[in-house]
Amino acid sequence: YPHGVINVQLSDFCFSFHALVITALTILQCLCYEREGQTPSSLCRFILAGFVCAMLIMLVVAASGCLSWLQYVTIFSWVKLAVTLFKYSPQVYMNFRTKSTEAVSIYQFLMDLTGGTLSLVQMGVIAYNFDDWKS
């Protein structure tokens, strides 16, 4: 970028759309199913509000032309990384504290790891095919 290949594949769109649908279904389940008094912590709500506000501000900045749309989407990728770190941190801490992984489904971790690995492989294949290792 700005001289490299920006190659969005159909698989990129499908992967993102699939993640959106699955996340929406998970949120719907959280709203509909019994939570037995569980609620997000104040810290979680604060961080979420901060991310939402920051992305809305960046949307206005991008719409005004001071930030390219590619840069705006790149900021979303950093937010996704931060959310992933926050998402797994409590589980890792609980596992460490209890010295157990009894309540953990390893499949979610394996699927995230597989998806990330395949995304990196796809980027490498595209860079190889277009002989573009700089963008």
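1. Start with N95. N95 is buried, at a relative accessible area of 16%. Buried stands for under 20% relative accessible area, exposed for over 50%, and partly exposed for what lies in between, with a 1.4 Å probe and protein chains only. N95 sits in helix 3, which covers residues 69–98. Beyond its neighbours within four places in sequence, N95 is in contact with S100, T101 and V104. Contact here means heavy atoms within 4.5 Å.

2. A word on the source. This is a predicted model, in which local features need pLDDT of at least 70 and side-chain atom pairs count only at pLDDT 80 or more, while totals for chains, interfaces and linings use all residues. Residues are numbered from 1 along each chain as its sequence is written, and side-chain values use heavy atoms, with hydrogens and water left out.

3. Now the overall fold. The chain has four helices and zero strands. Read from the N terminus, its elements run α-α-α-α. The chain is more spread out than a compact globule, because its radius of gyration is 18 Å, well over the 14 Å that the globule rule gives for 135 residues. That radius is taken over C-alpha atoms, and the rule is 2.2 Å times the number of residues to the power 0.38. Helices (H or I, at least four residues) and strands (E, at least two) are DSSP runs, numbered from the N terminus.

4. Next, the extent and the surface. Along the principal axes, the C-alpha atoms fill a box of roughly 50 × 35 × 25 Å. Of the 135 residues, 10% count as buried. The chain exposes about 11400 Å², and carbon and sulfur atoms supply 71% of that area. Accessible areas come from the Shrake-Rupley method with a 1.4 Å probe; for residues, only the protein chains shown count as cover.

5. How are contacts spread along the sequence? Take the contacts with a separation of 6 or more: residues 24 or more positions apart account for 50% of them.

6. Look at the core. The largest nonpolar core has five residues in all: M55, A62, L67, Y72 and V79. Helix 2 and helix 3 are the elements that give two or more residues to this core. A nonpolar core is a set of buried Ala, Val, Leu, Ile, Met, Phe, Trp, Tyr and Cys residues joined through side-chain atoms within 4.5 Å. Leaving out residues up to four places away in sequence, M55 touches Y72, I75, F76 and V79.

7. Follow F109 next. F109 belongs to helix 4, residues 106–130. F109 is partly exposed, with a relative accessible area of 24%. Setting aside neighbours within four places in sequence, F109 is in contact with Y88, Q91 and V104.

8. Y33 is worth a check. Y33 lies in the loop between helix 1 (10–32) and helix 2 (42–63). Y33 is exposed, at a relative accessible area of 54%. From C-alpha to C-alpha, Y33 and F109 are 23 Å apart in space and 76 residues apart in sequence. Y33 and L120 are 87 residues apart along the chain, and their C-alpha atoms are separated by 36 Å.

9. Finally, K99. Where does K99 lie? K99 is in the loop between helix 3 and helix 4. K99 is exposed, with a relative accessible area of 62%. Its phi is near 55°, a positive value in a residue other than glycine. Most residues other than glycine have a negative phi.
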